[in-house]
Amino acid sequence: MTARPTAVVVGAGPAALACVHRLRVDPGVRVVLVAPGGASEYLAGALAVATGDVDASRFRAPVRLDGVEVVAATADALGPGFVRVDGRDLSADAVIAAPGLATDPVGATLGGAPTEGIVGFWDLAGAAAAAPVIEAFTRGVLTVVIATPLHRCPPAPYGLAIRLARRAARLGHDVRVRLTTPEPRPLAAIGSAVTGLLLDSCAAAGVEIRFDVQPDPDALAAGHLSGSDAESLATDLAVVVPPHRAHPLLADLAGTAPLVVADANGRTDAGAVYVAGDAV
């Protein structure tokens, strides 16, 4: 009997889950999903978590799919024919990598402690750490700082700023909310048609937007806020969407760029290694 070909999918976000759903309908393919903790997180829920409206646990769920073998672990490495997990290699006829993008730390905020009024996050754990800092802020200027044009969920920083402004108004806090972006207009990097909607929505919520503001990444890493427009970055509390980079699993494929180049089917230069989702 001929062994079934094995496809190993790395990640548990929307792209990874879409891949396993497509693959598992073919009984001739063995599908293995490598997911940290065996769970999936809904990252868009981070906004509600950061504003204290919902607990992060609401947006995490174990992955249980008929016909899919779930390996509850973090992949250490991958390449043509293998995915390394806990020091052992899982053999694969095809590897589909969908680990998303990684983020750079913003000062000491990965541990939940803001440095000089700066808190950085762009995931559920970071949002949960930021929530008490945001809750305690009742007066002054709060700035949502987009560090670089490329980041997961491009409209989300605007949604966060709107949530923060509405929260302050609801609670009667004397908080002025603004957003800075390195782009010349909202979502300029992807040429979106929703630019007008974002501008109107922010204006209706009382969110001020400053464009072409370039924060210094080295300063952010050290827990400070400086950059091309000192006036726009002067703030009492900064909530930073941190710089994004290639996931360590895909660093060799991405080179110096955050994204991996692949063809229309997600195939990379590494042959039987495919990339899906935010990373491509």
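Which strands are included in what covers the buried residues of α1? The views below start there, in a predicted model where local features need pLDDT of at least 70 and side-chain atom pairs count only at pLDDT 80 or more, while totals for chains, interfaces and linings use all residues. Residues are numbered from 1 along each chain as its sequence is written, and side-chain values use heavy atoms, with hydrogens and water left out.

**View 1. Helix α1 and its cover.** Here we look at α1, residues 14-23; helices (H or I, at least four residues) and strands (E, at least two) are DSSP runs, numbered from the N terminus. Ala16, Cys19 and Val20 of this helix are buried, where buried means under 20% relative accessible area, exposed over 50% and partly exposed in between, with a 1.4 Å probe and protein chains only. These residues sit on the same side of α1 because they cover an arc of only 95 degrees around the axis, the arc being that of the directions from the helix axis to the C-beta atoms. To settle the opening question, the cover of these buried residues includes β1 (6-10), β2 (30-35), β5 (68-72) and β9 (94-97), counted by contact, that is, heavy atoms within 4.5 Å. On the face turned away from the buried side, look for the exposed residues Pro14 and Arg22.

**View 2. Valine 85 in strand β7.** Valine 85 belongs to β7, residues 82-85. With a relative accessible area of 1%, valine 85 is buried. Leaving out residues up to four places away in sequence, valine 85 touches Val34, Val71, Ala73, Thr74, Ala75, Asp76 and Leu90.

**View 3. The largest nonpolar core.** This core has 39 residues, and Phe121, Leu142, Tyr158, Leu160, Leu179 and Val207 have the most contacts inside it. A nonpolar core is a set of buried Ala, Val, Leu, Ile, Met, Phe, Trp, Tyr and Cys residues joined through side-chain atoms within 4.5 Å. Two or more residues each come from α2 (46-50), α3 (124-136), β12 (139-146), α4 (156-171), β13 (174-180), α5 (195-205) and β15 (237-241). The most come from α4, with 8 residues. Neighbours within four places in sequence aside, phenylalanine 121 is in contact with Ala46, Ala50, Gly126, Ala127, Ala130, Leu160, Val239, Val240, Val241 and Pro242. Apart from this core lies another, of 22 residues, among them Val32, Ala75, Val260 and Ala279.

**View 4. Aromatic pairs.** The count comes to 2 aromatic pairs, where rings of Phe, Tyr and Trp (its six-membered ring) pair if their centres lie within 6.5 Å; planes under 30 degrees apart count as stacked, over 60 as edge-to-face and the rest as tilted. Tyrosine 42 and phenylalanine 59 form a tilted pair, 5.9 Å centre to centre with 40 degrees between the planes. This pair links distant parts of the chain, 17 residues apart: tyrosine 42 is in the loop between β3 (39-41) and α2, and phenylalanine 59 in the loop between α2 and β4 (60-62). Tyrosine 42 counts as exposed at 52% relative accessibility, whereas phenylalanine 59 counts as buried at 16%. The rings of phenylalanine 121 and tryptophan 122 have centres 5.7 Å apart and planes at 40 degrees, so this pair is tilted. Phenylalanine 121 is buried, with a relative accessible area of 3%, and tryptophan 122 is buried too, with 9%.

**View 5. Helix α5.** Thr195, Leu198 and Cys202 are buried in α5. An arc of only 70 degrees around the axis holds these residues, which puts them on the same side of α5. Their cover includes α4 and β14 (208-210). The face turned away from the buried side carries the exposed residues Leu197, Asp200, Ala203 and Ala204. Glycine 206 follows α5, with a positive phi near 85 degrees.
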